[in-house]
Amino acid sequence: MTTARMEHAMELADKCWEKAYKASPQFVERYLELAEQLLTSKPIITGDEFREYCRDNGLHRPAELHPNVWVSGVRALKLTGWVERVGKVEPIKSHNHMPLVTLWKSTIYGGNS
């Protein structure tokens, strides 16, 4: 994990994710850690993959946070400059009730594309 990148992300998370950060800073910090892992390992990610990746790694939304915290999280990633929007695609995860989700390009991908 890049310390400077995470510090910048936490500063922005405090601004754009204010309620979530105040209610559960541990959730926000862990979400960002997992998002960084995912985004450094894959060049392209669908919007519904973030929540699934978090769940697979033991991070679940605390009851005091609204379900839309997952969407807010991806918006925070966009503000940090970690992702760029590519377009819309059908969701790949079964939990998603939306007909389309955003396809994101990782700007911190560490592999060879």
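Let's start with the inventory: the chain holds five helices and three strands, where helices (H or I, at least four residues) and strands (E, at least two) are DSSP runs numbered from the N terminus. You are looking at a predicted model, in which local features need pLDDT of at least 70 and side-chain atom pairs count only at pLDDT 80 or more, while totals for chains, interfaces and linings use all residues. Residues are numbered from 1 along each chain as its sequence is written, and side-chain values use heavy atoms, with hydrogens and water left out.

The strands come together in an open sheet of three, ordered β1-β3-β2 with antiparallel pairing; two strands pair if DSSP finds at least two bridges between them. β1 (44–46) and β2 (83–89) each have a single partner strand and stand at the edges, so one side of each is left without a neighbour in the sheet. On average, neighbouring strands here are turned by 30 degrees against each other, direction ignored; the axes behind such angles are lines fitted to C-alpha atoms, for helices over the stretch in contact, and angles run from 0 to 180 degrees between N-to-C directions.

Take a look at the link between β1 and β3 (residues 101–106): the two run antiparallel and are joined by three bridges. Here I45 stands opposite W104 in β3. Helix α4 (residues 47–56) packs on this sheet, touching β1, β2 and β3, and its direction makes about 85 degrees with that of β1. Contact, by the way, means heavy atoms within 4.5 Å.

Now for the aromatic rings. The whole structure contains three aromatic pairs, counting rings of Phe, Tyr and Trp (its six-membered ring) whose centres lie within 6.5 Å, with planes under 30 degrees apart called stacked, over 60 edge-to-face and the rest tilted. One of the pairs is F27 with W70, edge-to-face at 5.4 Å centre to centre and 75 degrees between the planes. Because F27 lies in helix α3 (residues 25–41) and W70 in helix α5 (residues 69–80), this pair ties together parts that are 43 residues apart in sequence. F27 and W70 are both buried, that is, under 20% relative accessible area with a 1.4 Å probe, protein chains only. Together with Y31, F27 and W70 form one aromatic cluster.

Finally, some totals for the chain. Of its 113 residues, 39% are buried. Among contacts between residues at least 6 apart in sequence, 61% join residues at least 24 apart.

Methods. Buried < 20%, exposed > 50% of the residue type's maximum accessible area, 1.4 Å probe, protein only.
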